[in-house]
Amino acid sequence: AAIEVEGKALRLVLTMMNNPDGTASGAIVNLDQGELRVPLTITQKDVNVTLALKAIGGSFAGVVNADGSELAGTYTQGPLNAPVTFRRAATETKK
């Protein structure tokens with residue numbers, strides 16, 4: 001995904017994983033600022049997903065599409081409110 005901040009596009013990668021205790025965890029990696037990795041807390045209720053990036057005071061609220069390939073919503077950090085759509089990366093099949 002990309003987000004525009006002060007006229008510059010920042011490329012973001014969202015990683016998420018399910019934990020054995022039923023919770024989920026993840027991180028956002030900012031590819032354009034030294035691959036800064038920010039841990040996040042994930043909350044999901046049905047198709048609604050909230051990501052809390054406490055370390056930088058940011059959050060994301062969005063909706064997962066029907067096939068689970070996109071998570072679209074709004075990223076908020078201080079006065080910044082920006083639309084963001086995360087898309088599932090294509091997976092390769094090994095031969």
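**Chat about the strands**

Q: Which residue stands opposite Thr76?
A: Thr76 faces Asn81, a residue of strand S8. Strands here are DSSP runs of E with at least two residues, numbered from the N terminus.

Q: Quick check, where does the model come from?
A: This is a predicted model, where local features need pLDDT of at least 70, side-chain atom pairs count only at pLDDT 80 or more, and totals for chains, interfaces and linings use all residues. Residues are numbered from 1 along each chain as its sequence is written, and side-chain values use heavy atoms, leaving out hydrogens and water.

Q: Back to S8: how many bridges link S7 and S8?
A: Eight bridges, in the antiparallel sense. Two strands pair if DSSP finds at least two bridges between them.

Q: What's the order of the whole sheet?
A: The open sheet runs S1-S2-S3-S4-S5-S6-S7-S8, with antiparallel pairing. Strand S1 (2-5) and S8 are the edge strands, each pairing on one side only.

Q: How many helices are there?
A: Zero; the protein has eight strands.

Q: New topic: which residues have the most contacts inside the largest nonpolar core?
A: Ile3, Leu51, Leu53, Phe60 and Phe86, in a core of 16 residues. Such a core is a set of buried (under 20% relative accessible area, 1.4 Å probe, protein chains only) Ala, Val, Leu, Ile, Met, Phe, Trp, Tyr and Cys residues joined through side-chain atoms within 4.5 Å.

Q: And how much of the protein is buried?
A: Buried residues make up 24% of the 95 residues.

Notes
Buried < 20%, exposed > 50% of the residue type's maximum accessible area, 1.4 Å probe, protein only. Helix = DSSP H or I, 4+ residues; strand = E, 2+ residues; numbered from the N terminus.
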